[in-house]
Amino acid sequence: MARTFVGIDIDGERLRVVALEEAGNELKIVAIVQRDIESSGDTAEMLASILSERVSSAARMAMALPASSVLSRRLTFPFGDRKKIAAAVPLELGARLPTDLTDYHICSLPPHQGDEGHSTVGIAIPTDLIDSTLAPFDELQLPLRHVGIAPFAYVGHLQEQPDDCIIVSVRENDISTLLVQAGEPVSYRASARNRAHSGADIIEQVRRDANSLQKSAALDNLPLLLFGSGLDDELQKLILESMPEARVPAESFDEEILPAQFLPALALARLAASQGRQSFNLRQGEYAFRGSLAPFRRQLTAAAILLCLTLIALTGGAWFSWSRKAASADRLQQQMEAIYLQTFPQAKDAPKDIPLHMTSRLNEARNQSQLLGGPGAAPLPSLEAVSRALPDDSGTFIRELTFDKDGVRLAGRASSFDAVDQYAAALKKELLYNDARISDAKMSIDGKQVEFRIELGFAGQGVQR
């Protein structure tokens with residue numbers, strides 16, 4: 001969704017609005033509006049109505065306070081650090097302005113480096129003016145994100161602005177003349193405009209202020225950019241005819257030249273699009289834009305407190321649950337240690353990992369049982385049965401016994417073939433075996449004994465007795 005930027009120019013009983021919208025890498029004018037207002041308090045409501053009808057209500061907005069409504073002095077410092085300058089400006093203004101600054105908000109424009117040091121414009125704005133200006137916008141939650149000082153807010157936001165020039169802003173009740181060098185505002189003059197003044201008087205005032213600014217900077221014949229909400233067609237024609245160096249910036253809307261009265265609002269809309277980079281913005285610190293959630297601050301605070309209490313309760317419950325489980329684990333550990341020491345009385349202390357250690361000892365015992373026999377194995381019962389079946393004479397003996405899950409294999413010597421047959425018959429009578437087969441029987445080399453091999457099969461499916 002394309003973003004929208006709105007510039008607001010309020011002069012006396014007239015409101016002018018210019019809305020810009022992003023179109024690729026460019027900003028395109030999408031609406032210009034002019035309304036008559038009875039009082040400044042009606043401005044925010046009228047603007048909210050305009051936004052709902054013409055542009056997005058989430059548009060970024062910018063406006064400017066006239067220089068004639070603030071107190072200012074040109075200040076020069078030998079250092080350029082902004083924090084140091086911000087700290088020094090209130091002291092310098094307090095010494096140079098013939099008034100008590102208790103009820104003023106002190107600020108300054110971005111410093112500009114010159115031959116004599118770093119210069120800036122220190123500004124003292126009445127706090128009641130700030131409050132009365134911002135309050136209607138904040139109450140309606142209009143996104144007024146930038147509040148500058150005219151004519152400083154216009155610098156760099158009009159087409160074909162020379163790096164060195166003089167900006168002349170003509171309003172209904174005042175005329176501001178600003179010197180711009182290298183694209184930066186340097187110094188200005190602000191004078192009241194009397195409605196009784198003729199066009200010639202205004203021209204003389206503009207010429208006098210422009211010459212004064214140029215002489216202070218050792219310059220001459222600078223171009224004058226002329227515009228303003230109080231510049232009607234007749235006055236504009238008189239100034240252009242009397243001052244060849246003056247011109248009105250050419251801006252177009254719907255293929256027509258934009259009237260000079262709308263140029264301040266256009267410059268402010270572009271200022272909103274630039275997000276006020278490298279320019280003064282009153283919307284900082286205590287006057288910063290709080291966003292659309294500001295009206296719900298109390299509700300959000302209550303919700304945050306409730307959330308914190310809920311987190312504390314959940315954390316406490318989790319801690320108590322963990323404590324109970326930890327205590328239960330300690331009891332189980334003590335029981336395992338007691339069981340281990342009972343099982344292995346020769347051990348002095350229980351190991352750290354009792355289950356692992358006992359599993360290892362159990363596997364070791366199981367392997368030993370399989371080798372030596374036990375309640376679940378048959379080597380010893382098989383050895384007993386083989387020994388019991390041997391004849392009483394000492395002529396028959398077993399020299400090799402092989403035991404596995406399939407059966408028993410015997411190798412030995414007997415005094416005769418009959419002795420071998422008798423031994424096999426005796427093995428068949430053992431309940432442990434279901435078969436006793438003589439797999440080999442032959443005379444020994446010396447012819448005195450018979451060497452034999454007998455294979456025994458277990459009765460049933462297992463090796464149990």
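# Briefing on selected features of a predicted model

The structure described here is a predicted model.

**Backbone features**

- In general, most peptide bonds are trans, and most residues other than glycine have a negative phi.

**Nonpolar cores**

- The largest nonpolar core holds 84 residues, and of these Ile8, Met61, Ile125 and Ile149 touch the most other members.
- Helix α6 (residues 263-273) gives the most to this core, contributing nine residues.
- Leaving aside residues up to four places away in sequence, Ile8 touches Leu15, Arg16, Leu47, Met61, Ala62, Met63, Ala64, Phe137, Leu144 and Leu268.
- There is also a second, separate core, which has 19 residues and includes Val408, Ala414, Val420 and Leu427.

**Aromatic rings and a charge over a ring**

- The count of aromatic pairs in the model comes to seven.
- In the pair formed by Tyr423 and Phe452, the ring centres are 6.2 Å apart and the planes stand at 70°, which makes the pair edge-to-face because that term applies to planes over 60 degrees apart.
- Tyr423 belongs to helix α10 (residues 417-428) and Phe452 to strand β20 (residues 450-458), so this pair ties together parts that are 29 residues apart in sequence.
- Tyr423 counts as buried, with a relative accessibility of 1%, and Phe452 also counts as buried, at 3%.
- Ring pairs also link Phe403, Tyr433 and Phe458 into a cluster.
- Arg16, which is one of the residues that Ile8 touches, lies over the face of Phe262, at 5.9 Å from the ring centre.

**The two sides of helix α5**

- Helix α5 covers residues 233-242, and within it Leu235, Gln236 and Ile239 are buried.
- When the helix is viewed down its axis, the buried residues of α5 fall within an arc of 100°, so they line one face of the helix.
- The elements against which these buried residues pack are β10, α4, β13 and β14 (246-247).
- On the other side of α5, the residues Asp233, Glu234, Lys237 and Glu241 are exposed.

- Glu22 is located in strand β2 (residues 14-23), and with a relative accessible area of 28% it is partly exposed.
- The side chains of Glu22 and Arg3 are joined by a polar contact of 2.8 Å; not counting residues up to four places away in sequence, Glu22 touches Ala2, Arg3, Phe5 and Leu27.
- Glu22 and Leu309 are 287 residues apart along the chain, and their C-alpha atoms are separated by 45 Å.
- Thr120 lies in strand β8 (residues 117-126), where it counts as buried at 1% relative accessibility, because buried means under 20%.
- A polar atom of the Thr120 side chain lies 2.6 Å from the backbone oxygen of Leu109.
- The residues that Thr120 touches, not counting those up to four places away in sequence, are Arg73, Arg74, Leu75, Phe77, Ile85, Ser108, Leu109, Pro110 and Pro111.
- Ser416 is in the loop between strand β18 (407-414) and helix α10, and a relative accessibility of 26% means that it counts as partly exposed.
- The C-alpha atoms of Ser416 and Tyr104 are separated by 132 Å, and along the chain these two residues are 312 residues apart.

Note on methods: Residues are numbered from 1 along each chain as its sequence is written. This is a predicted model: local features need pLDDT of at least 70, side-chain atom pairs count only at pLDDT 80 or more; totals for chains, interfaces and linings use all residues. Side-chain values use heavy atoms; hydrogens and water are left out. Rings of Phe, Tyr and Trp (its six-membered ring) pair if their centres lie within 6.5 Å; planes under 30 degrees apart count as stacked, over 60 as edge-to-face and the rest as tilted. Helices (H or I, at least four residues) and strands (E, at least two) are DSSP runs, numbered from the N terminus. Buried means under 20% relative accessible area, exposed over 50%, partly exposed in between (1.4 Å probe, protein chains only). A charge sits over a ring if NZ of Lys or CZ of Arg is within 6 Å of the ring centre and within 35 degrees of the ring normal. A nonpolar core is a set of buried Ala, Val, Leu, Ile, Met, Phe, Trp, Tyr and Cys residues joined through side-chain atoms within 4.5 Å. Contact means heavy atoms within 4.5 Å. A polar contact is a pair of N or O atoms within 3.5 Å; within protein, one must be able to donate a hydrogen and the other to accept it, and residues adjacent in sequence count only if both atoms are side-chain atoms. The arc is that of the directions from the helix axis to the C-beta atoms.
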